[in-house]
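Below are a few friendly notes to read beside the model.

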Amino acid sequence: MRYAEVSVNSPVAQRRSFSYAIPAGLNLEVGQAVWVPFGEKILQGIVLALSPSPAVEETREIIGVIEPRPLLSPEQVMLARWISEHYLSPLFDAVALMLPPGFERRTLTFISPVPNPDARILASLTPAQHQILELLQKQGRTSLKELEKKVGQRKAQAIVSQLVGRGLATRSYELEPAKVGPKRVPYLRLKLPPSQAREVAAELRKKRAYKQAALLDFLAQMAEPAPWPEARQQTNADSSVLKTLVSKGLITLEQIEVKREPIPHKAATPSPALKLTAAQEAALSSIRDALHGAKAKPSVFLLHGVTGSGKTEVYLQALAEAIKLGKRGIILVPEIALTPQTIERFAARFPGRVAVLHSQLSPGEQFDEWWRIKRGEFDVVIGPRSALFAPQPELGLIVIDEEHEWTYKQQDKSPRYHARDVALKLAELTGAVVVLGSATPDVETFHRAQNGWYQLLQLPERVVPAQNSPLPEVEVVDLREELKAGNRSIFSRSLAQAITEAVASEEQVILFLNRRGGATFVQCRRCGFVLRCRRCEVTLTHHPTENALVCHQCNYQAPVPQICPQCSSRWIKFLGLGTQRLEQEAGFLLPQARLLRWDSDVTKHPKSHQQILNKFRARQADILIGTQMVAKGLDLPQVTLVGVVSADTSLNLPDFRAGERTFQLLSQVAGRAGRGPLGGEVIIQTFSPEHYVIQAAAKHDYASFYNKEIDYRRQLRLPPFSQLALLIYSHTSDALCQREAERMKRQLAAERDAKGMANLSIIGPAPAFIHRRRGRFRWQLILRGTELSKFLAPIPFPQGWAIDIDPVSLL
């Protein structure tokens with residue numbers, strides 16, 4: 001007998017796989033999806049390995065196969081194991097990253113009454129037990145969820161367990177229906193030649209069967225089968241007309257599978273490859289050599305080019321080279337907002353061969369794209385971090401554009417992976433080439449390139465609007481001096497004048513502020529009371545558009561108070577600044593200017609990003625106001641002025657990466673200016689003009705920023721000179737939360753001392769930066785050392801702990 005190691009879709013499984021016997025006659029492959037018994041339930045599982053002997057003495061048999069073909073390749077199976085081991089996540093969570101949309105299905109519990117129950121047992125039942133049993137006897141097999149709706153979740157579960165235990169009811173399990181599948185549309189096909197169909201239609205008109213005649217004429221005009229919804233709309237025919245023609249043998253009704261396409265491939269205008277500069281050609285030559293070579297280790301390149309230096313053209317020509325070799329690619333972008341622009345460039349170069357995967361597609365679109373990718377219908381897949389797990393066959397090239405972006409890290413749920421590190425592992429397993437592109441590389445990435453782990457490729461000059469175009473001039477405005485001069489506006493005199501002149505000259509402006517909403521907090525000026533979220537330890541942000549107070553952590557909303565809830569004073573003050581207030585102030589400054597805002601409050605619709613971008617490109621707005629979405633990779637040649645309204649928003653956060661993130665944001669948003677023939681300028685407003693981050697960003701000087709930053713990291717033994725792990729425990733009781741964090745520190749310290757790991761530091765416990773979120777208090781520990789996954793793996797963590805290996809933020 002053969003055996004299979006299976007990753008089971010159950011929270012109980014954690015980082016383990018389970019041994020199952022393979023029934024005689026059932027042929028299985030690694031990566032295949034199967035049904036397996038797990039306790040009393042039947043669950044989904046993925047075969048991770050096949051072996052002639054089991055890992056345990058007693059095994060149960062696999063029930064059956066879900067999908068005849070493997071869903072995961074052998075390389076993806078190995079990648080899932082690595083993700084689980086490195087990020088200490090449940091194994092099936094890692095596997096699920098690579099499964100088709102809609103695959104995961106919950107197990108539903110059903111309760112059935114036992115026929116002819118013992119009268120003596122019935123006599124001893126409580127009224128509540130009698131109530132449930134009578135309901136079951138009346139309805140027969142009933143879902144547990146329905147019982148929970150009638151009597152409450154806890155009560156229903158307790159009584160059902162009692163009835164089952166006393167032999168009066170039985171449980172059974174089945175999986176919920178599939179949420180998404182192939183889309184099939186009814187099509188009509190003529191069963192006779194078109195000329196003959198017209199003759200029949202003429203006869204039907206004589207008999208006054210006008211709708212039947214109209215439908216036949218419509219189908220006779222079509223050279224191919226017609227979708228029934230379209231035919232019904234064109235001819236006003238109804239289902240009775242359709243049934244009549246089918247019964248007469250004149251037409252047939254067929255269910256045809258149709259593709260849901262998120263990209264309008266026909267709209268793409270083909271574009272030829274551009275002539276490269278010497279620096280671009282040198283970079284492409286190195287990547288081309290790696291694509292042609294057969295190396296044991298993956299080839300990893302850091303393409304460090306200033307904004308507007310033509311990195312995307314290098315990606316396009318590198319992909320074209322990979323395709324010539326029979327290989328395919330994956331292109332990652334940091335934000336869904338950037339996907340439309342990237343798709344345009346790639347679809348124009350590779351018409352009809354570009355796929356897109358991201359969470360704002362409909363479930364049906366995601367399902368169809370995933371299966372078409374698996375069948376090898378596309379040369380390239382484009383999307384945010386999740387697109388890395390697309391089942392792209394013959395993978396030869398992985399590009400991570402704007403590789404420094406923290407959005408490549410999944411922080412809110414397990415597995416808390418970083419797409420860059422996972423891409424490197426995937427490349428190691430598949431032999432693919434990795435290109436990491438950025439104008440402001442992650443400090444750790446640049447350090448690896450400096451030390452020879454990656455090959456550094458430089459693009460030091462702009463190619464837009466022409467070769468050797470200068471980077472925009474940057475003016476730093478000291479807001480302290482503005483206040484001394486009596487200017488209390490959010491716009492410095494310099495920025496206000498520059499905006500006015502740009503709009504008057506019919507040029508476009510970007511105003512950047514990395515904070516949404518209107519006022520960031522609301523305070524009573526009499527007693528000092530600040531309105532806070534009931535569930536989170538954060539202030540409520542005023543959103544003028546909705547005239548509501550909103551929590552940016554849990555989305556709790558409250559009306560704007562007319563009086564102070566604490567002292568009943570009417571002296572309520574709105575303080576702080578967000579994009580909505582910035583929009584208002586820009587409107588006051590230039591009433592004639594057309595304004596457009598781009599932040600997460602106005603991009604809830606799947607096509608919102610594309611619509612905003614199209615409007616601004618089409619010159620339907622003069623000023624674009626936005627958060628970090630406007631800072632990343634946009635090519636807008638008409639923008640001549642970029643104003644950074646407050647450079648201090650992220651600079652003073654208690655996180656060792658605050659300086660790096662601020663430098664990257666300022667440099668990236670500054671790079672949106674001067675991409676057209678009119679040139680451009682950047683104005684940065686700050687209360688800290690002497691800060692090394694501000695100075696380096698103003699000079700477009702990555703080297704000086706890096707040298708200063710790497711010095712600090714070396715002194716403080718921070719990444720890349722160590723590894724970090726962030727451990728957060730959350731609970732509804734603050735005291736219990738603190739006790740558990742202190743207990744865990746003692747356990748970790750004892751484990752460290754027992755293993756003699758003198759270089760391992762345990763920092764904390766301390767309340768998290770946001771101490772209470774969504775009703776749960778949070779305490780954290782920070783570990784600093786090396787090989788932290790290996791150290792933490794054998795330690796049992798009770799429910800409530802979240803482990804983040806290599807966190808991008810300690811907030």
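This is a predicted model: local features need pLDDT of at least 70, side-chain atom pairs count only at pLDDT 80 or more; totals for chains, interfaces and linings use all residues.

1. Residues are numbered from 1 along each chain as its sequence is written, and side-chain values use heavy atoms, with hydrogens and water left out.

2. Helix α20 covers residues 608–617; helices (H or I, at least four residues) and strands (E, at least two) are DSSP runs, numbered from the N terminus. Its buried residues (under 20% relative accessible area, 1.4 Å probe, protein chains only) are Ser608, His609, Ile612, Leu613 and Phe616. Viewed down the axis of α20, they fall within an arc of 130° (taken from the directions from the helix axis to the C-beta atoms), so they line one face of the helix. Their cover includes α13, β21, β27, β28 and β29. Arg619, which follows α20, has a positive phi, near 65°.

3. Helix α14 (residues 363–374) is mostly covered, with 9 of its 12 residues buried. Among them are Phe367, Trp370, Trp371 and Ile373. The buried residues of α14 pack against β12, β15 and β16 (contact means heavy atoms within 4.5 Å). Gly376 follows α14, with a positive phi near 80°.

4. Strand β22 (residues 521–524) has Val522 and Cys524 on its covered face, and Phe521 and Gln523 on the uncovered one. β22 pairs with β26 (residues 572–575) in the antiparallel sense over 4 bridges; pairing requires that DSSP finds at least two bridges. Val522 stands opposite Phe574 in β26.

Methods: Buried means under 20% relative accessible area, exposed over 50%, partly exposed in between (1.4 Å probe, protein chains only).
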